[in-house]
Amino acid sequence: MDSIYNALCDIVGKEYCSNLPEEIYIYSYDLGTAEPKKPDYVVSPRTVEEIQKIVLLARDKNIPLVPLGGGLSLAGLAIPQKGGIVIDLKRMDSIIEVNERARYAVIECGVSQGQLISYLKKHHPNLTHSEPGAPPAATVAGNIIIHGQGDLAHPYGFSSDMVLGLEVVLPSGDIIRIGSCALGSGWFTIHPLPDIGLFLGWCRTTGIITKLSIKLFPAKKIRGTGTFVVEDEELIPEIIYKITHTQIPEDIIVYSRAIPPFAKGLHHITVNLAADSEKELEFKQELIWDDTLGEYIKNDLGGYLGFTKELERPQISKTSDYKKGGGFEYVGGIMPIDTYPQCYIRGREISEKHDIPYTVTARIIGLAHSMMFAWTYAFNRADEETIKKAREALYETDELVIELGGVIWKPGIYGQRLVMDRLHPGTKNLMKKIKTIIDPLGIMNPGNWELL
Amino acid sequence: MTLNDFQYSNIIHRCFRCGYCKFPVDWTDVNNCPPYARFRMESYSCGGRLWLTRAWLNEQINWSEYLAEILYSCTTCKNCEIKCPLRFNVDIVNMVVSARAEMVEAGKVPKAVKDFLQNIELYGNPYGASRTNRIAWTKGIEIDRYNGHEYLLYIGCAGSYDIRAQKSSKALAQILLKAGVSFGVLGDEETCDGNETHNLGEKGLFELLANKNIKTFNKMGVSKIITLSPHAFNAFKNYYPSYGGNFNVFHYTHILNSLLKTGRIKFSDSFHKKTVFHDPYFLGRWNGEYETPREILRVIPDIELMEMEKNRSGALCCGGGSGNFQMDLLGGSESSPARRRIREAYEMGAQIIAVSCPKCLIMLEDAIKAEGMDDKLSVMDISEIVAKACNI
Ligand SMILES: Cc1cc2nc3c(=O)[nH]c(=O)nc-3n(C[C@H](O)[C@H](O)[C@H](O)COP(=O)(O)OP(=O)(O)OC[C@H]3O[C@@H](n4cnc5c(N)ncnc54)[C@H](O)[C@@H]3O)c2cc1C
């Protein structure tokens, strides 16, 4: 009998542990184009103590560990590159505390976006969190760990800028806490203790986050989206500069797509506004559409397409079904806003070269300090050739991000190598040292950031 | 069988596995797909099932008893179809049923499924009980054999054989008798409606059952059928017409509601209980019927009717569908859907869970016992509640 399997069963219970071909198959894939890699075991723990025991077992037996949230990163980030144990964290799904007045929520790492939104709506209707366009099954933790961005990214930045505390199981099996929670007080601030940015953006190579506290924000009574359209991509940086100067919108997204054909070549700017009264909404609308964008309308450079109240949950998954193919993947680049025209033109060229209808989207982050520009490539899961084409397009886009002076967001293996090759040697060296101290055996997600 | 020969070969790869299908309507949790709620492994999610089916048909993985169990643990409750944002969503359950049909064709189904189907073929019911006992539930009441009555009362297997469900059959018959409804039963001539057989992918046996029932109904001149079970309601209404069986089919709640509205049944007793209604998916998601059972409950004297958080198209299935009320591939754990449902009702302060399906009745009754909540919560069929309020 497999002693590791038995040991894992002892920890999480037989039902939540598997080494059967069916689970091995499912957990070897993600939704994008990354090549599948088989884990040896899949476990689904329910408590921090169980996670700690799994980590200790992996450490003692030198087995790779791959934490998995919703598994929706699309970049193959939770594919077990070197086998080992995939830890499906979705059973860690308690919402531990919501502090209404201090506007934060303490949650376990498996809480999904959908679950948190629904909970806040029911129990704390005045509060909301920055929800990404990812499917609601994505975990809040998974989004934060990879520096995701949600629908409050414009005023408040990356999701990882909203962290107020963390609990982490280190590769050594030690449990640590970061932020005010480390003092045993509330989970209300990550500062002013020493800066330990060890677990966000390290792409799960430094530990398993088990609990986190995140900032919540006022949920206004009325929320809606207005859309403005222009033809000239060169206008986008200027328009974004002007809109963000108002500091009014909750979310700003620019997108352009080949389908439907009439919209090809046009740039749609969607602006989310929120207000507690019609009066407030009217004021904000006037400021954006009339005072800020009015001149473009007057000069026939752009058009206002109207405002819809009630925000629909974005259903970006539909992108996967554009060509009835069941798949898409995107490269996200964190880019300066000025690069928008180049991002668009060059991205369109890559899509056309690979015979994929182009889709580009940019979400404005932190008052236009940057944007997350996404180049999306749909493929047909039943057609290897289209998967290959999409993969090639993704690689070329990774290179484009670097060429245009951006940073690849949540890079897959290919993009990771591009980044590592160019990283400042001092930075690389420090990262190596930290990794050696924190995970000397390299059990956390090996195969990722290998050059470390 | 290869993927190319599969009826849905041009669709099955379109599942993106984004996970919308795990949620109820309002996103409360990821536990609204019964098998996923029970096992919490991606393989048991709707997307997992579709991907595994494709991998099996593509010969990327081999058939195994376990693979078959994953496929057969789907109760066909259609939560996935409600939640999936993609255009092929209407065919999700069809894909599962078709994949099962492939397994049946290959002679490879889990033992529990084989026994279930074999019993239906041998005895006309999944329990393996004698055909002569089919009428046992009528003990103590005088019910006509169907003979040109206005309605055929079709009780079905669970209502005929299961001791707990028999009580609801009896309550229903007594109400109909008291209201002077012209109806009769088939007694030991009744045989399984085949709804589960159909959804388990045993198309041959289903055809046999459908043809047999249609022949019997036609021979006896049946035109209107009242069913106790929403499962039978679904089979007669949606499957039988393509075999030439065109009947006017009513779920019993339709009849009770109209009897109440026309004053043919009147309440005499109070039913002062905090009550929630558990939607059966063969009435709800499959047939769009959410309000009739609620309309009945609303007029029960002194009832305190509450809504469960997961209600109507967002209701959590009890886990009994697709033969699982008998095969129980989802049982044996506090994560079983029925036990989750019981806890949900209890936590909101309900004293009674009202149901309108004998399978839900059986599943939830067992779950109450498993949760040790016998003294806190009861499950009652709407027929029983009405009978009680009518002092029958
Ligand atoms: C249709 C679609 C739309 C999207 N839109 C957006 C968007 O608008 N904004 C955005 O930011 N993203 C978006 N994404 C990308 C991605 O889905 C999200 O960022 C998502 O939140 C990731 O969460 P997850 O739970 O799926 O993470 P996973 O993919 O499960 O995990 C991400 C990484 O973190 C690691 N990890 C997960 N949990 C832990 C833990 N507890 N401890 C340590 N490591 C862990 C995993 O190993 C993996 O490497 C989108 C994806 C899709 C498919």
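**View 1. A salt bridge joins Asp93(A) and Arg40(B).** In this predicted model, the side chains of these two residues come together at 3.7 Å, N to O.

**View 2. Chain A meets chain B.** Here 46 residues of chain A and 41 residues of chain B take part in the contact. Together the chains bury about 3600 Å², with carbon and sulfur atoms giving 58% of that area.

**View 3. Domain 1 of chain B touches domain 2 of chain B.** The domain assignment places domain 1 at residues 3–109 and domain 2 at 124–258. Eight residues from domain 1 of chain B and six from domain 2 of chain B make up the contact. About 540 Å² is buried between these domains, 56% of it on carbon and sulfur atoms. Val97(B), Ala101(B) and Val104(B) supply 58% of what domain 1 of chain B buries here, more than any other three residues.

**View 4. Polar pairs between the two domains of chain B.** Three residue pairs are in polar contact between domain 1 of chain B and domain 2 of chain B, while zero salt bridges are found across their interface. Helix α5 (residues 92–105) of chain B gives the most to the domain 1 side, with five residues.

Terms used:
Residues are numbered from 1 along each chain as its sequence is written. Chains are lettered from A and ligands numbered from 1 in the order in which they are written. This is a predicted model: local features need pLDDT of at least 70, side-chain atom pairs count only at pLDDT 80 or more; totals for chains, interfaces and linings use all residues. Side-chain values use heavy atoms; hydrogens and water are left out. Domain bounds come from an automatic or database domain assignment. Contact means heavy atoms within 4.5 Å. Buried area is the accessible area (1.4 Å probe) that two parts lose on being put together, summed over both. A salt bridge is a side-chain nitrogen of Lys or Arg within 4 Å of a carboxyl oxygen of Asp or Glu. A polar contact is a pair of N or O atoms within 3.5 Å; within protein, one must be able to donate a hydrogen and the other to accept it, and residues adjacent in sequence count only if both atoms are side-chain atoms. Helices (H or I, at least four residues) and strands (E, at least two) are DSSP runs, numbered from the N terminus.
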